[in-house]
Amino acid sequence: MSSLARALVASSLTLSLASSLGTLFLAGLASAQSPGEVLWHQKISAAKGGGPRGIKTDDQFGRAAAALGDVDGDGVGDLAVGALGDDDNTPGVFDYGACWILFMNQDGTVKSHYKISRSSAGLPLDPADEWGRTVRELGDWDLDGIPDVMVGTCYDDDNGTDKGAFYLLLLNRDGSVKSWTKVSETSGGFTGDLDPDDQFGRGLRVLGDLDLDGVPEIGVGSIRDDDGGRNRGAYWILFMRRDGTVRSWTKLSETQGNFQSSLSDYGEFGFDACVIGDRNGDGIQDIAISAPDMKTDGNQQGAVFVIYLNRNGTAQADFRITENYSGFVGTMLDYNDEFGCAIEYLGDLDGDGFGDIAVGAGKDDDGPTGSFDRGAVYVLFLNANATVKSYQKLSRLYGRFYGPIDNADRFGTSLACPGDLNGDGVEDLFAGVRFDDDGGSGAGCEYFLALNDGSFTPPIGKFAFTPRRGKAPLSVQFTDQSTGSLSAWEWDFGDGTTSTERNPSHTYTSVGLKSVTMVVRGPAGSSQRILANIIKVDAPLLAVPSFEAAPVLGLAPLALQFNDASTGLIASRSWSFGDGATSSEASPSHVYTTAGLYTVALTVTNQAGASTLTRADYVRVTDVPPPGADFSAGTLNGQAPLAVAFQDTSSGDVTAWAWSFGDGATSSEQNPLHTYLSPGTFTVTLTATGPGGPDTEVKPGLITVEPTPAPEADFAADVTEGIDPLTVSFTDLSSGLVTARAWSFGDGSHASDANPTHTYIAPGVYTVTLVATGPGGSDQEDRVGLVRVISVARGLSDPSFEEQLAGAAPAGAWTVLAGAEHVVEPTIALGDGPFPLDGAQWLRLSSVGTSFALAPTTPGQETTPGQGAAGVEQRFYLEDPLSVLEFDAAFVRGDTLDNDWASVDVSDGLTTVNLFFADGASATPETSTVGGLPRTARQHVSADLRQLFPGSLRNTRFTLTLQVANAGEDRAPSFALVDDLRLVQAPATALRYGCDAAVRGSLKVLAGAPRLGTTLSLGVDNPLGTQGPNSRAYLWMSTRADAAYPCGTGLANFGMAGPGALGEILVNRTSGVLLKTVVGGQWSTPGSPAPVPLVMPTALAWIGQSVYVQGYLIDARITYGVKTGVTDGLKLLIGP
């Protein structure tokens, strides 16, 4: 059975044990218990545990015992106990001996008993036979369903003094003897050779069916047998017949039966025995036989011999268990401890799969200084081969056994395992104390020991409570904080009330100091916790009286039911009904017999005093009959919403009307109009009240409202295709009555507006759904693939012409508008003055093929674009904050007669702005490698397109035009040189960067811009929620990004994905580069960033410079496993 199962069994048992045990001793408290230790014990003697009162001085009750099984059929195993000194009520004659059959309760106490003796069973016993010195279970020998018993009399004189004998007793249900068979040298078919004083009859044990004939064998010891030496002992294995007679036998001794171990003189081998299962795997039962006075290495301590049997009863192999032999290691045994005076098989107590045994050491001296012969029991935990793995000693000093053992009591002189008697899932044990003095000197006793398998721990009682003080009635909540194996709770609240709940709530109504006692119980014991005078209950507040009654108006005689609605602690009540009658009930009824107005008063009293509520003229009793309520309805059925006009047709004097329309609505009008919104059948009620009281008219199922038809869903969209982000306005065109709308836009977004506007961020094809709902139901309209959002590339493509083929005409991202002589340089020379500026290539535009072209009207500003020029163009979209267009250009003049020109323009489709212009009037201080023609100095242009085109949006498409033209005839061409086109970050903006979105948090601008001397508010967030509330936000601010920019360096334990996750470090944190670390606010919820104030530099030199910031959160409590988690980064370009 598992530890959990045992704990469940134990919890169901403990309550019954706690209530039923008279003399129950529980093991002491500790933090844990080990297998084999005692959970609790029960003593059985003439004075305790229901033991037989007939036990007398020197009876030695407990010298032998046997767990018989369930004799009386009550479901609980029973016990046989020998009393070798019993005199069978014969004056002057001693020691006939007796055997008590104890009918047990599950708690280890005795329910009833029966004594088997010479006189009760008709046995041929003599004085001093000491019948009962050995008692062992026989099993159901005669197969009648009732367990039987065998009893030894080792001092029987058949064929010689003290040769010994034993009896097989077949029992009735009441424990009486049905029949018996004696086995001795002259009886029962036994033919073995016994000598005087051999004491045949010791060590009785049923060994199982060794020879497979269907009848079990019986083992019998003769401890004074002289094979091999004086009183060394022997063990007889008797092959039995079902009639109880012996068919044949095998003897195990130092000289017979292939027994290999050496015995010592006076060692008394065969004193006790038990079967131990098949330990060598040959399918044959093996046994353990004790020799309590055995000498080993010259030390007389006792021993147990393990014997692997053959089917004929001879030994295959054998070895001894004694101090420092066979794994029983230590210095635990002393001289003459009589280790082996009893032996019993316990089953697998420690749960390792191998059976264990208990061994008595009846003369062990454990106890206070000066103790002797108090006795002990060793629980030996065996290996598969029956050697000792470990042990637990039970005595006055060990194993949590706290029974009162005195000097010379000899605890452990008998052992009997009843199986799991108490139902806690663990084997139990009976241990005899032959010289205990309950009932007289040497009367003897048995102890029932509930053993622990190591799964139970003793309880330690502890509890908390709140509040500690308050006014009555004071409700106190008690909370169990006990530890250990717990199954039952007992509370005494100090005011005469108790509870068995684990965490009870108790209300104190009496004032004063209260002491609380808690007892916790479990399979490993109990613990009591007493807290004296810990709760103070103060006098209560005055109770607040309140009451209700109905009806308070009516014709005499008028019967009223009063209901007390007072609050607070109430000790007593006093009602005055205004007509001389009174009551002290909580909710009395009263009949008014005479018309009139009556004042009602209620007085409630507690320890703080009395308080009264008086309601003047509360009850009106009339001698006028009430009106006759009646009404009609203008409409009885129709579709919802259904408006119904009700008409009061009551008779008599009516002063008030109370309508209930059956749908939860009410009215106090005389002739109300009510609208039913939902379908159904409704009962209408009118209560008409007059001087004579009320009258009620109920018309069941009066109004029938039918369902409204469901609406028909329909809608339209103003635009269905466009570039991301695409904003679409939807219009509901549904017909019918619509009370609710549910829009689904296909991208996970929803709305309930009638005419919503939605912006699609990501490219894709989206299905839009509208569910229109009305009183009559719902209708759904699906438009599959209604909206198509297109994604476009953003920024300039091939801005420095590095993707072009040198010496060829521009192509790819650049569209040629006119002219056939444009070329991607270099062709011959590797450079043309400052060109190239970025990479190895640049663009040379030629005016060949143009003539009389018109230049832009207003160079350097908004303009009418030039006409008739040759050049290229590229169309593009901006990606904020990269809105600043930069490039370098120069003009090479080839015609000195006409005013040739070159320009760079940007247009948003509505407006054109000229960014670069040069013509014949421009200075040409330099010489080009193109024909040695004069060239203008390189001009660097930087223009913020968002400022030039303030109305532009994310979806505005710009056109960049590069062109050159002949102003006159096409004589000598002029040229334009362009390179290093790029879109860069605008000043006073923040550019997000970082590469690993899976492991970082979010950093965004909450307020402000990165301008000189200002404070920028940044927000740090953990979208995954992997850190706990009250995490603190921080920022790093550095002059450099990490070397892997725009990515970062992965670092373990810095990611937000989970414990130990990688985080991407995006800023350079080395000394002198890291400007500062900024502490921000507390973060608690995903989606609500924690603010961090970041003060921008104030020196003018910082304008146009970049700084790099990264946020992080620290959860000092490591609530969900992540302590530090970093965000993405922002590149801040400081503006003025």
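Predicted model: local features only at pLDDT ≥ 70, side-chain atom pairs only at ≥ 80, totals over all residues.

Residues are numbered from 1 along each chain as its sequence is written, and side-chain values use heavy atoms, with hydrogens and water left out.

**Stop 1: the disulfide.** Select Cys995 and Cys1047, which are joined by a disulfide with an S to S distance of 1.8 Å; the cut-off for a disulfide is a pair of cysteine sulfur atoms within 2.5 Å. The structure holds one disulfide. Now show the cartoon around the pair. Cys995 lies in the loop between strand E73 (989–993) and strand E74 (1002–1007), while Cys1047 lies in the loop between strand E76 (1031–1038) and strand E77 (1049–1052), so the pair ties together parts 52 residues apart in sequence. Strands (E) are DSSP runs of at least two residues, numbered from the N terminus.

Next, colour by accessibility: buried is under 20% relative accessible area, exposed is over 50%, and partly exposed is in between (1.4 Å probe, protein chains only). Cys995 is partly exposed at 42%, and Cys1047 is partly exposed at 27%.

**Stop 2: two other cysteines.** Which cysteine sulfur is closest to that of Cys274? That of Cys417, 10 Å away and too far for a bond. Cys274 is buried, with a relative accessible area of 1%. Then select Cys341, which is in no disulfide; its nearest cysteine sulfur, that of Cys274, is 13 Å away. Cys341 is buried too, at 3%.

**Stop 3: the largest pocket.** Select Arg202, Glu268, Phe271, Glu338 and Arg434, the closest to the pocket's centre of the 16 residues that line it. The lining divides into five nonpolar, two polar and nine charged residues.

**Stop 4: Ser499.** Finish in strand E32 (residues 498–499), where Ser499 lies. Ser499 counts as buried, at 14% relative accessibility. Leaving aside neighbours within four places in sequence, Ser499 is in contact (heavy atoms within 4.5 Å) with Trp489, Glu490, Trp491, Phe493 and Pro504.

How values were computed
Helix = DSSP H or I, 4+ residues; strand = E, 2+ residues; numbered from the N terminus. 1 Å grid on protein atoms, 1.4 Å probe; cavity = no way out; pocket = protein on both sides within 12 Å on 5 of 7 lines; lining within 4 Å. Nonpolar A, V, L, I, M, F, W, Y, C, P; charged D, E, K, R; others polar.
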